[in-house]
Amino acid sequence: MGESLAHAFAKKSSVISLLVFAFALGFGTTVAEPALIAVAGKAAEVVSGGGMIDSSATAQQRFALELRLVVAVSVGSAVLLGVLRILKGWPLHYLIIGGYVIVMTLTLFAPTEIVGIAYDSGGVTTSTITVPLVTALGVGLASSIKGRNPMLDGFGLIALASVMPIIFRFKLWIDSSFRRLMEFLTIFFEYRV
C-alpha cells in the first residue's frame with residue numbers, strides 16, 4: 001500500500017502534497033503505535049512517582065498524551081525530512097551523523113531525569129505500525145524517481161524517525177516556545193479524542 005501511494009504521489013502530485021502526506025503518515029502511524037502508548041503510560045507513572053508532575057490521573061494522562069504527540073510530531077517531521085532527502089538526493093549519513101551530534105550535545109544540557117525517556121522515545125518508533133508503512137513509502141518513492149536507487153535511497157527513513165524523537169523530547173524541556181506549542185496540541189487533542 002505504501003509503495004503504491006508513493007508511486008502515485010511521485011507521478012501525479014506536487015512536492016508539497018507529497019511532503020504533507022509524508023508528515024501525516026509519520027504522525028498518524030506513530031500516534032497509533034501500541035509500543036508508544038505503553039511507554040508513554042509507564043513514563044507518566046514514573047515521572048509522577050519522581051515528583052516531576054502531579055500524581056493525579058489527569059496529570060499522568062496529560063503527560064502521556066504530550067509524550068505521544070511530541071514523538072508523533074517528531075516522526076512526522078523525520079519522514080518529511082527523509083522524503084525531502086530522497087527527492088533531493090542528499091546523503092543519508094550526513095543527516096544521521098548530524099542528528100546524533102545534536103542528540104549528544106542536547107544530552108549534556110538536558111535534565112538527567114528525562115534522558116532515558118528521551119532516548120526511549122526514539123526506540124518506540126521502530127514498531128509494528130510505523131516501520132512497514134514508512135519503509136514502503138521510502139522504497140516506493142525511491143523506485144519512482146529517475147536516478148534514485150531503492151536500495152540506497154529508499155531506506156533510512158526509520159533511522160531518521162528514531163533520532164528525531166530524542167531531539168524533540170530534549171527540545172521540549174529546553175525550549176519554552178516549543179513547550180507552549182506542544183501544550184496547545186495536547187489540550188487540542190484532549191478535547192478531540
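Residues are numbered from 1 along each chain as its sequence is written, and side-chain values use heavy atoms, with hydrogens and water left out. Because the model is predicted, local features need pLDDT of at least 70 and side-chain atom pairs count only at pLDDT 80 or more, while totals for chains, interfaces and linings use all residues.

**Helix 7**

Helices here are DSSP runs (H or I, at least four residues), numbered from the N terminus. Helix 7 covers residues 130-144, which makes 15 residues. From its first C-alpha to its last it reaches 21 Å, close to the 21 Å expected at 1.5 Å a residue; the expected span is 1.5 Å times one less than the number of residues.

A residue is called buried under 20% relative accessible area, exposed over 50%, and partly exposed in between (1.4 Å probe, protein chains only). The buried residues of helix 7 include Thr 130, Val 134, Leu 137, Gly 140 and Ser 144. Ala 136 also lies in helix 7 and counts as buried at 15% relative accessibility.

**The largest pocket**

A pocket is an open set of points on a 1 Å grid over the protein atoms alone, where a 1.4 Å probe fits, with protein on both sides within 12 Å along at least five of seven lines; lining residues have an atom within 4 Å of a point. The largest pocket has a volume of about 160 Å³, the volume being the space filled by probe spheres set on the points.

Among the residues that line the largest pocket are Met 52, Phe 63, Glu 66, Trp 173 and Arg 179. Helix 4 (57-88) and helix 10 (176-192) each supply at least two residues of this lining. By class, the lining has six nonpolar, one polar and four charged residues. Ala, Val, Leu, Ile, Met, Phe, Trp, Tyr, Cys and Pro count as nonpolar, Asp, Glu, Lys and Arg as charged, and the others, Gly among them, as polar.

Glu 66 is found in helix 4 and counts as buried at 7% relative accessibility. Leaving out residues up to four places away in sequence, Glu 66 touches Arg 169, Leu 172, Arg 179, Glu 183 and Thr 186, where contact means heavy atoms within 4.5 Å.

Lys 88, also in helix 4, counts as exposed at 54% relative accessibility. The C-alpha atoms of Lys 88 and Arg 148 are separated by 9.8 Å, although these residues are 60 residues apart along the chain.

**Aromatic pairs**

Rings of Phe, Tyr and Trp (its six-membered ring) pair if their centres lie within 6.5 Å; planes under 30 degrees apart count as stacked, over 60 as edge-to-face and the rest as tilted. The count comes to two aromatic pairs.

| Pair | Centres apart | Angle of planes | Kind |
|---|---|---|---|
| Phe 23 and Phe 27 | 6.1 Å | 20 degrees | stacked |
| Tyr 119 and Phe 170 | 6.1 Å | 65 degrees | edge-to-face |

Phe 23 and Phe 27 both lie in helix 2 (residues 15-31), four residues apart, about one turn of the helix. Phe 23 is partly exposed at 28%, whereas Phe 27 is buried at 16%.

In the other pair, Tyr 119 lies in helix 6 (residues 112-123) and Phe 170 in helix 9 (residues 157-174), so the pair ties together parts that are 51 residues apart in sequence. Tyr 119 is partly exposed at 32%, while Phe 170 is buried at 0%.
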